[in-house]
Amino acid sequence: GLCKAFVTYASNNSNEILDSFNIASMTDIGTGSVQGNLTNNMDNSNYAISASTESMNEAIDYANHVTTSTMHVSTFNSSHSASDNAHTAVIAHGGMA
């Protein structure tokens with residue numbers, strides 16, 4: 001299916017949203033951990049999420065903990081410690097409510 005939500009954000013800058021579709025806001029959960037809040041809900045919590053970061057020294061550990069209205073993304077540095085970064089991108093595919 002088509003992308004139902006996407007966001008690129010800078011977690012090292014108060015979770016500044018750089019670009020988005022169907023994302024109302026980003027909530028800081030802690031270092032390297034962010035929750036995306038959807039503008040329009042998904043129809044269930046079984047939708048697919050993919051995420052990436054532009055830094056070769058950082059990685060996405062998981063993009064999950066989804067509900068119909070939120071998705072949670074965590075990023076880590078090369079030492080496997082939670083880390084904020086300058087550019088993370090997340091997309092969601094699934095059905096809309």
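## Strand pairing and the nonpolar core

Isoleucine 23 lies in strand β3, where strands (E, at least two residues) and helices (H or I, at least four) are DSSP runs numbered from the N terminus. This is a predicted model, in which local features need pLDDT of at least 70, side-chain atom pairs count only at pLDDT 80 or more, and totals for chains, interfaces and linings use all residues. Residues are numbered from 1 along each chain as its sequence is written, and side-chain values use heavy atoms, with hydrogens and water left out.

Isoleucine 23 is buried, at a relative accessible area of 8%; buried means under 20%, exposed over 50% and partly exposed in between, with a 1.4 Å probe and protein chains only. Its C-alpha atom is separated by 6.6 Å from that of alanine 5, 18 residues apart along the chain. Contact means heavy atoms within 4.5 Å. Apart from neighbours within four places in sequence, isoleucine 23 is in contact with Ala5, Phe6, Val7, Ile17, Asn37, Leu38, Thr39 and Met71.

The largest nonpolar core has 14 residues, of which Tyr9, Ile23, Leu38, Tyr47, Met71 and Val90 touch the most other members. Such a core is a set of buried Ala, Val, Leu, Ile, Met, Phe, Trp, Tyr and Cys residues joined through side-chain atoms within 4.5 Å. At least two residues of this core come from each of β1, β3 (23-30), β4 (33-38), β7 (70-77) and β8. β1 gives the largest share, three residues. In soluble globular proteins, nonpolar side chains tend to be buried together.

Strand β8 pairs with two strands listed below; two strands pair if DSSP finds at least two bridges between them.

| Strands | Sense | Bridges | A bridge pair |
|---|---|---|---|
| β1 (residues 3-10) and β8 (residues 88-93) | antiparallel | six bridges | tyrosine 9 and threonine 88 |
| β5 (residues 48-53) and β8 | antiparallel | six bridges | serine 50 and isoleucine 91 |

Tyrosine 9, besides its bridge to threonine 88, touches residues including Asn15, Ile17, Met26, Val34, Val73 and Val90, when residues up to four places away in sequence are not counted.

Threonine 88 lies in strand β8 and is buried, with a relative accessible area of 0%. Its side chain makes a polar contact with the side chain of asparagine 85 (2.8 Å). A polar contact is a pair of N or O atoms within 3.5 Å; within protein, one must be able to donate a hydrogen and the other to accept it, and residues adjacent in sequence count only if both atoms are side-chain atoms. Not counting residues up to four places away in sequence, threonine 88 touches Val7, Thr8, Tyr9, Ser52, Thr53, Ile60, Val73 and Thr75.
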